[in-house]
Amino acid sequence: MSKVLTALQPSGVLHIGNYFGAIEPFVKLQDSGNTNVLFVVDYHAITVPQEPEMLRKNIMFATATYLAAGVDPKKTLLFQQSHVPQHTELAWILNCIAHMGELERMTQYKDKTRGKGEAVTVGLFDYPVLMAADILLYETEIVPVGEDQKQHVELARDLAERFNKRFGETFTIPKPQIRKEGARIMGLDDPEIKMSKSAKSEKNFISLMDDDKTIEKKIKSAVTDSQGTIKYDEKRKGLANLITIYSLVTGQTNNQIEESYKGKGYKEFKEDLAKHLNDFLKPLQNKIKTYLSDETELKNILDQGAKKAQILAEQKMKDVRNKIGVY
Ligand code: AMP
Ligand code: TRP
């Protein structure tokens with residue numbers, strides 16, 4: 001049994017790539033008996049401009065989505081990052097042992113700031129240190145993340161080792177666990193790149209909240225090829241992606257899917273896929289809507305999670321404050 005921690009940004013409507021790539025794998029980990037921590041990183045979100053009302057809505061939407069997907073507050077410590085002020089307190093202390101140079105080397109920072117000049121915030125620069133604090137407060141062993149976050153988890157390891165060396169054993173050294181490529185969903189309009197909500201065209205992604213008509217339209221216009229047969233072949237990227245989605249929402253294997261579409265074409269396959277996707281998403285959408293309709297209850301769940309998290313985080317902070325000599 002390991003202590004598993006991860007966090008997700010409250011960035012608006014999620015798509016089926018987020019669902020199958022991040023949320024569903026977390027729910028599976030939760031059900032395998034690990035000790036889990038999952039939180040909504042609102043203080044990471046504000047490293048880029050956020051409209052306050054929108055941010056509030058997105059936090060509620062993210063929480064409702066995790067709950068609807070099966071995150072169980074009895075098994076998982078679920079809360080909102082800003083409600084546990086120890087995260088920012090530890091981030092400050094870690095700031096004082098982190099080096100400018102190692103943060104300047106972060107690939108995500110370089111990507112996000114290219115060409116932005118003066119408009120780059122200190123928060124964006126410091127983002128990985130807050131993430132290190134998130135991880136180190138809870139004696140985390142395993143951090144499941146996408147490939148792009150691996151470098152940040154490695155920074156958390158470096159900072160933990162540096163702190164332990166200077167002040168004595170305090171932090172558990174965490175390990176990143178990179179999600180398998182298996183559930184990587186590609187864009188419907190361009191299967192060369194992964195499905196993303198920042199894509200140019202709305203037709204790139206299926207949002208978790210899309211209705212049946214929208215799903216039908218998007219699947220219908222999804223890029224395939226001129227071969228016409230339903231056969232999984234990695235080289236036929238568009239079709240392979242659609243078969244992957246078909247398999248994820250129906251639980252059928254690629255072979256079973258190929259069998260049932262022998263002698264049939266894209267039209268029929270796509271019509272069925274749209275229907276299966278809709279059947280899969282409808283119950284999830286209904287659950288999300290039910291959670292969203294009772295904001296008091298949602299806030300209650302987050303508050304209770306925060307109370308439990310504060311106890312753990314405060315224990316760790318007492319040790320940290322003591323070690324550095326401010327207590
Ligand atoms: P993002 O909001 O794009 O940073 O994604 C949040 C989480 O969803 C990350 O952990 C990603 O690994 C995962 N994710 C995003 N897009 C996809 C995709 N197209 N396929 C699989 N997983 C994805
Ligand atoms: N930076 C992560 C992302 O954008 C989110 C995150 C913040 C996180 N704190 C974390 C992930 C701690 C894992 C552990 O996806």
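In this predicted model, an oxygen atom of ligand 2 lies 3.3 Å from an N or O atom in the side chain of glutamine 9. Two further contacts involve nitrogen atoms of the ligand. A polar side-chain atom of tyrosine 127 is placed 2.7 Å from a nitrogen atom of ligand 2. For aspartate 134, a polar side-chain atom is likewise 2.7 Å from a nitrogen atom of ligand 2. Ligand 2 on its own exposes 370 Å², and the protein buries 90% of that area.

The shell around ligand 2 holds 13 residues. Gln9, Tyr127, Met131, Asp134 and Gln149 come nearest. By class, the shell comprises 8 nonpolar, 4 polar and 1 charged residues. Three elements each supply at least two shell residues: strand S1 (3-8), helix H7 (122-136) and strand S4 (142-145). The largest share comes from H7, which gives 4 residues.

Helix H7 also takes part in the lining of a cavity. The structure holds 1 cavity of 30 Å³ or more. The volume of the largest cavity is about 40 Å³. Its lining consists of Gln108, Tyr109, Lys112, Leu124, Tyr127, Pro128 and His152. Helix H6 (107-113) and helix H7 (122-136) are the elements that give two or more residues to this lining. The lining divides into 4 nonpolar, 2 polar and 1 charged residues.

Polar contacts to ligand 1 involve both side-chain and backbone atoms of the protein. A polar side-chain atom of asparagine 18 is 3.1 Å from an oxygen atom of ligand 1. An N or O atom in the side chain of lysine 197 also lies 3.1 Å from an oxygen atom of this ligand. At isoleucine 185 the contact is made by the backbone: a polar backbone atom sits 2.7 Å from a nitrogen atom of ligand 1. Taken alone, ligand 1 exposes 480 Å², of which the protein buries 75%.

Note on methods
Residues numbered from 1 in each chain as written. Chains lettered and ligands numbered in written order. Predicted model: local features only at pLDDT ≥ 70, side-chain atom pairs only at ≥ 80, totals over all residues. Heavy atoms only, no water. Polar contact = N/O pair within 3.5 Å; in protein donor to acceptor, adjacent residues only side chain to side chain. Areas by Shrake-Rupley, 256 points an atom, 1.4 Å probe, with all protein chains shown as cover. 1 Å grid on protein atoms, 1.4 Å probe; cavity = no way out; pocket = protein on both sides within 12 Å on 5 of 7 lines; lining within 4 Å. Points joined across faces, edges and corners; volume = space filled by probe spheres on them. Nonpolar A, V, L, I, M, F, W, Y, C, P; charged D, E, K, R; others polar. Near = heavy atom within 4 Å.
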